[in-house]
Amino acid sequence: LQSNGCCIGVGFAEENREPEETMIKIAGNNYPVFPNLPDFHGCSPGWSSAFYGAECFDSEVHSYMKNLGKQKSSESQNIDAKKVELEQLLMMETKNYRKTIKFYQKLLQKEKRTKGPETKSMLPKLRGQLQEMKSKVQFLELVKKYMQASQTILLQIMYAEQWGVESCMLPTVIHNGRTDTMDVAPTDESSLLLYYNTEKHQCNNQNGIRVLQAGTPLGLMAYLYSRNAFLEGYVQQFLYTFRYFCTQEEFLQFLLDRISSTLSSASLDPSTSLTKICNRSFYILQAWIEDCYSVDFATNADLLCTLKEFISSKVAQLNGYGEHLLSLLEDASARKNGSAHQCSSMDKCEEEGEEDRKMLHSLCKQLSEDVSRKNFNWKLSKGMGPVAQCQREQLYTSSSVLPKPCYNSFTEEFPVSFAKADEVGPYLLIEYSVQQLCCQLTLLQQEVFHKCHPVHFLNSRALGVKDKCVAVQKAVSTETVSFNVCNLFLSKCIQDQYLLQLLRNADSISTWVAAEIVTCHTSKLQVSLLSKFLLIAKCCYEQRNFATAMQILAGLENLIVRQLPAWKILPAKVAEIMEELKAVEVFLKSDSLCLMEGERFKTLPTIPSAHVLAMHVQQLETGGFTMTNGAHKWTKLRNIAKVVSQVHAFQENPYAYTPDFKLQSYLRQRITHFKDADISALAADNCANFHQIPAEKHSRKIQDTLRRMKATFQ
């Protein structure tokens with residue numbers, strides 16, 4: 001699990017719930033504030049909270065963590081004692097594992113030289129011991145990751161959870177907002193929320209067996225204040241999906257009303273409901289800003305202005321948390337505008353622990369191959385080796401991989417061949433290797449993908465996205481999209497339309513692939529380009545860049561391209577790649593979470609196909625969102641949140657290829673040059689696109705015809 005998106009089990013959190021509270025006195029009044037406020041870099045539970053819910057870690061890890069640091073059964077757990085004991089165990093097991101591997105390698109060399117029976121009998125036993133030691137080291141590494149996440153995220157979630165209220169107190173949460181603009185609040189919980197019974201979670205000691213099934217908009221917002229809402233993943237799932245039943249303005253007003261009605265009345269006693277409601281409101285607001293600023297606040301100036309004005313006038317002067325929220329808004333705005341790049345404390349912790357994890361992984365890989373490749377039945381081709389080697393040599397850090405801005409003037413920085421890509425034509429594609437083109441196309445795709453948000457994939461029918469190869473028509477502009485048809489969001493809810501840009505980019509690459517092929521003036525060059533694009537697509541999907549692979553497949557499946565005579569003279573092994581690509585497409589469409597299976601997505605970079613993901617979300621959106629009593633189906637919304645959460649999961653592992661800005665410039669120019677091209681018109685101007693009749697055969701037919709005509713007149 002990734003460091004900035006980790007959900008800690010309920011049982012572990014409850015046993016360590018000993019928060020120290022700090023109080024300050026301002027203007028004659030006492031207000032509760034959060035300890036070490038500047039050190040809190042994040043409140044958002046992250047994608048794993050929405051995806052896994054309360055089951056981020058399995059029961060075995062939870063059980064092991066409970067026992068760590070316990071000297072006696074009566075003693076309480078201590079996170080520092082756990083950390084010391086875990087590091088000692090991990091160091092010892094790693095040291096023993098390293099020694100055993102060296103001994104195993106010596107036995108192998110001895111067996112090759114002497115081939116004695118004693119050595120042969122000892123090797124299988126030693127191999128079994130190595131497997132056990134490997135499993136133990138990997139397990140301790142997982143627990144260590146749990147501990148690292150616990151030290152930062154657990155504190156954040158723990159402080160958020162201490163302000164949660166019991167479900168029976170949720171009507172009180174609603175009644176504390178006197179200026180609520182929504183409907184009159186019900187008086188009991190049963191009219192707000194519906195539950196169903198299920199078995200208790202395996203990875204925690206939660207006694208309750210009720211699971212939220214549905215609720216009114218007011219009830220679902222009130223449930224954010226319930227105990228364990230952060231731990232169960234509800235908060236993150238709500239932030240992804242609340243636009244189906246309330247607008248951003250309504251949600252913000254709900255939070256601000258609770259803060260207004262409780263801020264001045266919050267007492268020194270942290271157990272009072274007013275103090276809990278006030279502080280939980282701040283945590284929810286911070287999580288919303290951290291996770292959804294780009295899709296809610298950056299696109300809605302009025303919403304942002306309302307929040308800033310409220311904080312400045314009513315919060316900043318009374319509570320130190322107001323200044324923290326204003327600073328958070330400024331940082332989020334700077335990141336959105338690309339003028340600042342900051343690393344969180346969790347990122348720094350990950351960098352510090354990178355060497356230890358690399359050492360452990362290298363030890364484990366000395367004994368066995370990567371069995372995680374079982375998710376795919378397609379093997380790497382021999383030509384893909386340099387790509388894998390390049391991937392292993394680089395560290396997965398954002399700063400080293402994200403493409404830099406293009407040069408202002410290509411003619412000043414690049415050779416003439418790159419500055420005039422339209423004159424060079426497709427010949428540079430032939431000169432570059434498959435690996436080079438795959439890497440740079442992947443970086444270009446990553447640059448676009450990393451700007452999207454899980455919310456962008458919701459309500460795509462209202463944007464005109466349909467289940468066909470060309471998802472968005474070129475003639476349709478962002479401003480002309482009608483939201484009156486198939487709009488699942490509330491009418492006043494502002495929706496960011498970045499998905500259209502993402503799909504148009506995919507359509508441009510598909511058109512570019514088709515255009516490059518049909519503009520080749522010789523059949524030989526067409527065969528070379530067809531082979532090149534097929535190999536690039538194969539390399540992309542094997543490196544888990546499914547977006548570019550499917551874009552190339554769409555270009556190759558263009559009706560004009562499929563009728564080219566060059567396909568008949570294509571080498572058989574290369575032509576088989578086309579069937580592989582179709583099989584990958586079927587695999588991607590088979591299950592909305594197919595790319596989240598196994599462990600590969602946690603360690604290897606992945607770029608999904610935007611159109612396929614949008615279709616999966618549309619499938620989940622099919623059917624009603626409300627029950628007969630008007631309550632919104634939370635089980636349906638939770639499933640949608642789980643599917644779109646994989647966007648943030650994939651964005652956490654960027655590709656570490658070295659950018660080639662010259663080649664990227666050439667590719668950008670070629671893609672832009674052909675993005676609006678008419679493939680049929682381009683193909684009509686090229687004789688290589690038509691089946692040619694040999695000249696001798698053609699002249700023989702004419703002679704035979706003339707001979708038959710002459711015979712009829714005689």
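Leu194 is found in strand β3, where helices (H or I, at least four residues) and strands (E, at least two) are DSSP runs numbered from the N terminus. The model is predicted, so local features need pLDDT of at least 70 and side-chain atom pairs count only at pLDDT 80 or more, while totals for chains, interfaces and linings use all residues. Residues are numbered from 1 along each chain as its sequence is written, and side-chain values use heavy atoms, with hydrogens and water left out.

The protein has 33 helices and five strands. Of its 714 residues, 50% count as buried, where buried means under 20% relative accessible area, exposed over 50%, and partly exposed in between (1.4 Å probe, protein chains only). Leu194 counts as partly exposed because its relative accessibility is 27%. Among contacts in the protein with a separation of 6 or more, 80% are between residues 24 or more positions apart; contact means heavy atoms within 4.5 Å.

Strand β3 belongs to an open sheet of three strands, in the order β3-β4-β5 and with antiparallel pairing. The edges are held by β3 (193-197) and β5 (632-633), each with a single partner strand, so one side of each is left without a neighbour in the sheet. Two strands pair if DSSP finds at least two bridges between them; five bridges join β3 to the antiparallel strand β4 (residues 210-215). The bridge partner of Leu194 in β4 is Ala214. The C-alpha atoms of Leu194 and Gly215 are separated by 5.9 Å, and these residues are 21 apart along the chain. Leaving aside residues up to four places away in sequence, Leu194 touches Val211, Leu212, Gln213, Ala214, Met627 and Asn629.

Helix α29 (residues 634-644) lies across β3, β4 and β5 and runs at about 100° to β4. Axes are lines fitted to C-alpha atoms, for helices over the stretch in contact, and angles run from 0 to 180 degrees between N-to-C directions.

Two packed helices are described by the angle between their axes and the distance between the axes. The axes of helix α22 (residues 498-518) and helix α24 (residues 546-556) come within 8 Å and cross at roughly 45°. This makes α22 oblique to α24, as angles under 35 degrees count as roughly parallel, over 145 as roughly antiparallel, 65 to 115 as roughly perpendicular and the rest as oblique. Residues making the contact include Ala506, Ile509 and Val513 of α22 and Ile552, Ala554 and Leu556 of α24.
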